[in-house]
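Me: I'd like to learn how to read a structure like this one, feature by feature. Can you walk me through it?

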Amino acid sequence: MILWPGSEVWSYRRIEEKSVIFHDFFVKAERALILPVYLGTFDRQDPQIQGGVPTFSSSRWRDLTIQLVKELRRSIDYLAARPDIDTARLAYFGHSWGAWEAPLVLAVEPRLKVGISLTGGLWDARFMPEVDPFNFLGAVRVPFLLLGGEW
């Protein structure tokens, strides 16, 4: 299971600050879970991001999104090099920010076999077309579960 967390991680300085409430059940179910330390999160703080998340319609947001997806894909490359990980069964779990990035990630990364989004979805932000999650929905070819609501 590869995790893309919620936007709260923009403000965390250490990974220990990250709550595990939304994904601890994967570990309890004896599933491997990887949380890439994306640019701008935890100890990879970036002054351009810490001054405020770029406007979604900006080229800065486009470039950042492309960078983060590349980082996720490099994390999968790392997993593929490990003999104890079954890369034929990789899954994506996105929470909040990671949930609305899910269509983009699932469309461009063929090694992911299933996607789960928790408390996220599409919204009317003005993204550049090349990183607008809505534009990638038709290209998602794997099972995808969207979880939302109180229960």
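Me: Let's start with salt bridges: which residue forms a salt bridge with Asp63?

Reply: The general idea is that side chains of opposite charge can pair when their charged atoms come close. Here, a salt bridge means a side-chain nitrogen of Lys or Arg within 4 Å of a carboxyl oxygen of Asp or Glu. Asp63 pairs with Arg62, and their closest N and O atoms are 3.0 Å apart. One caution before we go on: this is a predicted model, where local features need pLDDT of at least 70 and side-chain atom pairs count only at pLDDT 80 or more, while totals for chains, interfaces and linings use all residues. Residues are numbered from 1 along each chain as its sequence is written, and side-chain values use heavy atoms, with hydrogens and water left out.

Me: Is Asp63 buried, exposed or partly exposed?

Reply: Read that from relative accessible area: under 20% is buried, over 50% is exposed, and partly exposed is in between (1.4 Å probe, protein chains only). Asp63 counts as partly exposed because its relative accessibility is 42%.

Me: How many salt bridges does the structure hold?

Reply: Seven. One of them joins the side chains of Glu71 and Arg44, at 3.0 Å from N to O. For the labels, helices (H or I, at least four residues) and strands (E, at least two) are DSSP runs, numbered from the N terminus.

Me: Why does Glu71 count as buried?

Reply: Glu71 counts as buried because its relative accessibility is 7%. For the surroundings, look at contacts, meaning heavy atoms within 4.5 Å. Leaving out residues up to four places away in sequence, Glu71 touches Val37, Tyr38, Leu39 and Arg44.

Me: Which residues are linked in a network of salt bridges?

Reply: Arg73, Asp77, Glu109 and Arg111. Take Glu109 and Arg111, whose side chains meet at 2.8 Å, N to O. Glu109 is buried, with 1% relative accessibility, whereas Arg111 is partly exposed at 26%.

Me: On to the nonpolar side. How should I read a core?

Reply: In soluble globular proteins, nonpolar side chains tend to be buried together. A nonpolar core here is a set of buried Ala, Val, Leu, Ile, Met, Phe, Trp, Tyr and Cys residues joined through side-chain atoms within 4.5 Å. The largest one has 40 residues, and the members touching the most others are Trp4, Leu68, Leu72, Tyr92, Trp97 and Leu112. Two or more residues come from each of β1 (2-4), α3, β2, α4 (97-100), α5 (102-108) and β3. Helix α3 gives the most, with seven residues.

Me: And which residues form a nonpolar patch on the surface?

Reply: Patches are made of residues with over 30% relative accessible area and no salt bridge; like charges are joined within 9 Å, and nonpolar side chains (Val, Leu, Ile, Met, Phe, Trp, Tyr) within 5 Å. Leu122, Phe134 and Leu137 form one, with about 280 Å² of accessible area together. Those areas come from the Shrake-Rupley method with a 1.4 Å probe, and for residues only the protein chains shown count as cover. Phe134 lies in the loop between β3 and β4 (144-147) and is exposed at 52%.

Me: Last one: which backbone angle stands out at Glu30?

Reply: Phi, which is positive at about 65° although Glu30 is not a glycine. Glu30 lies in the loop between α1 (24-28) and α2 (47-50) and is exposed at 73%. Thr119 also has a positive phi, near 50°, and is likewise not a glycine. You'll find Thr119 in the loop between β3 and β4, partly exposed at 40%.
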